[in-house]
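Please keep the structure in view while reading.

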Amino acid sequence: MPLHAAGAADNSERSDMKTTHTPDTLTHASLAEMASFKGGSCLSLYQPTHRRHPDNQQDPIRFRHLVKALETSLRQQHATDAVKALVEPFEAIAQDRDFWNHTQNGLAVLGAPGLFRVFILQRSVAELAVVSDSFHTKPLRQWLQSTGRYQVLALSLHKVQLFEGDRNALDAVALAAGVPRTMTAALGDERTEPYTTVSSYGGIGGGHMAMHHGQGGKKDEIGGDAERFFRAVDRAVLEHHSRPSGLPLMLAALPEHHHLFHEVSHNPLLMASGLMIDPQSLTHDDLRQRAWDVAAPQQEAQQTAWSDAYATAAAKGLGSEDLSQVAHAAVAGRVSTLLIEAERQVAGRIDGSTGRIDFADLGNPRVDDVLDDLGALVESMGGEVHVLPAERMPCRTGAAASFRH
C-alpha cells in the first residue's frame, strides 16, 4: 500500500481530528511555561495509552480512575466548588469519545487555575496522578530532550508531508498553515506552463528511473519552478516546524530533488543524509524503518560527540559529574551543556538560590527529581540539555556538566 494511502492510517493529521479537545503541541516554550507556572494547585496526570482498538477501550476507564485520585487529593485541601472547577476539564476529556480514538502511546494532561494543557505522546509514560504546587514535567522534558527523535520531510513536486518519530513510531504531523502542500499552492499564477511532471518507476529495494513528460523546451523554466517551490517549502518548514521542535530533519525524495533541496535550503537541522526514493512509493512502515536506518548512525555519532566533548572539558577542569558541583554551577549560570541519564532518578530538591541539594527517598511524588530540576535550571540559564541512554553516558552519577568558565 503506498504511503499516501497508508501513511499514519491510525493517526491522521491533527487538523482533521473532529474532537472537542485538540492536543497541544509540546515545545520548549510550552514546557518552560509549565515549569515556571505558579498559581495554586497544579494537577499532573500521566498515562500510557494505546493506538488501536480494542486495546484503547480501556484507556478512558483508566483515565477516570486517575482523575478520581486527583479529586481525592484535592478534597483534602480545597472546598467542593474549587475541586469541581479544577477537575471539570479532566472529566470532559474522559467523556470525549473522538479524543480516545486518536491517542498514541502516552498521554499527559496538566491543569491549574488559568491553565490546561493536553499532550499526546509517541512514547509510553509511567502512570501518575499528583497534585502539587508545581507541575510534574520530567516526562515531558525527557521526551523533548531525548535523542533519537527526528522529523521526515516527504517531498515530491506534487505533495508535501511531514512526519515525526523515532525507531519505534513515525506519525504524520499536521502541516502549519504557512507550509505549501503542493507546487501550485506555493507558486500559484507564477508557475510555468505547461508543467513537466517527474514520475518514479520502480519499487522498494530496487532501482528506479525518473521519466519526464511534457515539453522539453521548458526544462529551464520547470527547473526554476522546482527551485522556487523547494525554497518556499524550506522556509516554511524551518519557521513553523524545525525551529519550534528543534528536531533533526530528514529529506525523503528522489535523488535529483535531494541535490536541489540541499542547495537551496537554509535549515541548519537538515540531515546530511536522507532517503533517496520517492516517498509515495513506500508503505508507512517501510518509511519508518528506512528512515531509522538512515537516522540511527547519525544519532549515535551525535551522542558520541556530546560524550567526547564532556570528556575534553573535564580533562581541562571545565566539567564535573558531581551532582553538588553541577547544581552550584547551574544556579550560577555556568553550565553550557548538561548530559542527563534517561532512566535515572535522584530524589531531592535543589535550592534555587544557593544550589544546595537536599536529598530524599524515592517514592514520594511530592519530592522533585534532582536530575529533572538540573535540566530546568540549565535551560533557564541558556544552557543545552541532552538526555542519553545509560550506555551512552560518560559517567555513573546520572549527570555530566561542561562549564562555560
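A residue is called buried when its relative accessible area is under 20%, and exposed when that area is over 50%. The model discussed here is a predicted one. Gly114 lies in the loop between β2 (106–112) and β3. These two strands form a hairpin with 2 residues between them, in which Gly114 adopts a positive phi near 90°.

β2 and β3 run antiparallel and are joined by 7 bridges; Leu107, for example, has Ile120 in β3 as its bridge partner. β2 also pairs with strand β1 (residues 42–48), again in the antiparallel sense, over 6 bridges. Here Ser44 has Leu110 in β2 as its bridge partner. How many of the residues of β2 are buried? The count is 7 of 7, so β2 is largely enclosed by the rest of the structure. Both faces of the strand are covered, with Gly106, Ala108, Leu110 and Ala112 buried on one side and Leu107, Val109 and Gly111 buried on the other.

In soluble globular proteins, nonpolar side chains tend to be buried together. The largest nonpolar core in this model has 24 residues, of which Leu153, Leu155, Phe229, Phe230, Val233 and Phe261 touch the most other members. Two or more residues of this core come from each of β5 (150–155), β6 (160–165), α7 (183–187), α8, β10 (249–253) and α9 (255–264). The greatest share is that of α8, which gives 6 residues. Leu153 illustrates how these parts meet: leaving aside residues up to four places away in sequence, its contacts include Val160, Leu162, Val233, Val237, Leu249, Leu251 and Phe261.

A second, separate core holds 23 residues, among them Val326, Ala327, Ile340 and Ala399. Ile340 also stands opposite Val387 in β16. Strand β13 (residues 335–341) and β16 run parallel and are joined by 5 bridges. In β16 (residues 384–388), 4 of the 5 residues are buried, so this strand is largely enclosed by the rest of the structure. Helix α12 (residues 370–380) has buried residues as well: Val370, Leu371, Asp372, Leu374, Gly375, Leu377 and Val378. An α-helix has 3.6 residues a turn, so residues three or four places apart point the same way. After α12 comes Gly382, with a positive phi near 90°.

The last feature is an open space. The second largest pocket contains about 640 Å³ of space. It is lined by 26 residues, and those closest to its centre are Asp24, Thr25, Leu26, Glu164 and Val173. Which elements supply at least two residues each to this lining? They are β3 (115–121), α6 (138–145), β7 (170–172) and α8 (219–245). The most is given by α8, with 4 residues. By type, the lining divides into 12 nonpolar, 9 polar and 5 charged residues.

Conventions. Residues are numbered from 1 along each chain as its sequence is written. This is a predicted model: local features need pLDDT of at least 70, side-chain atom pairs count only at pLDDT 80 or more; totals for chains, interfaces and linings use all residues. Side-chain values use heavy atoms; hydrogens and water are left out. On a 1 Å grid over the protein atoms alone, a cavity is a set of points where a 1.4 Å probe fits but cannot get out, and a pocket is an open set with protein on both sides within 12 Å along at least five of seven lines; lining residues have an atom within 4 Å of a point. Grid points are joined across faces, edges and corners, and a volume is the space filled by probe spheres set on the points. Ala, Val, Leu, Ile, Met, Phe, Trp, Tyr, Cys and Pro count as nonpolar, Asp, Glu, Lys and Arg as charged, and the others, Gly among them, as polar. A nonpolar core is a set of buried Ala, Val, Leu, Ile, Met, Phe, Trp, Tyr and Cys residues joined through side-chain atoms within 4.5 Å. Buried means under 20% relative accessible area, exposed over 50%, partly exposed in between (1.4 Å probe, protein chains only). Contact means heavy atoms within 4.5 Å. Two strands pair if DSSP finds at least two bridges between them.
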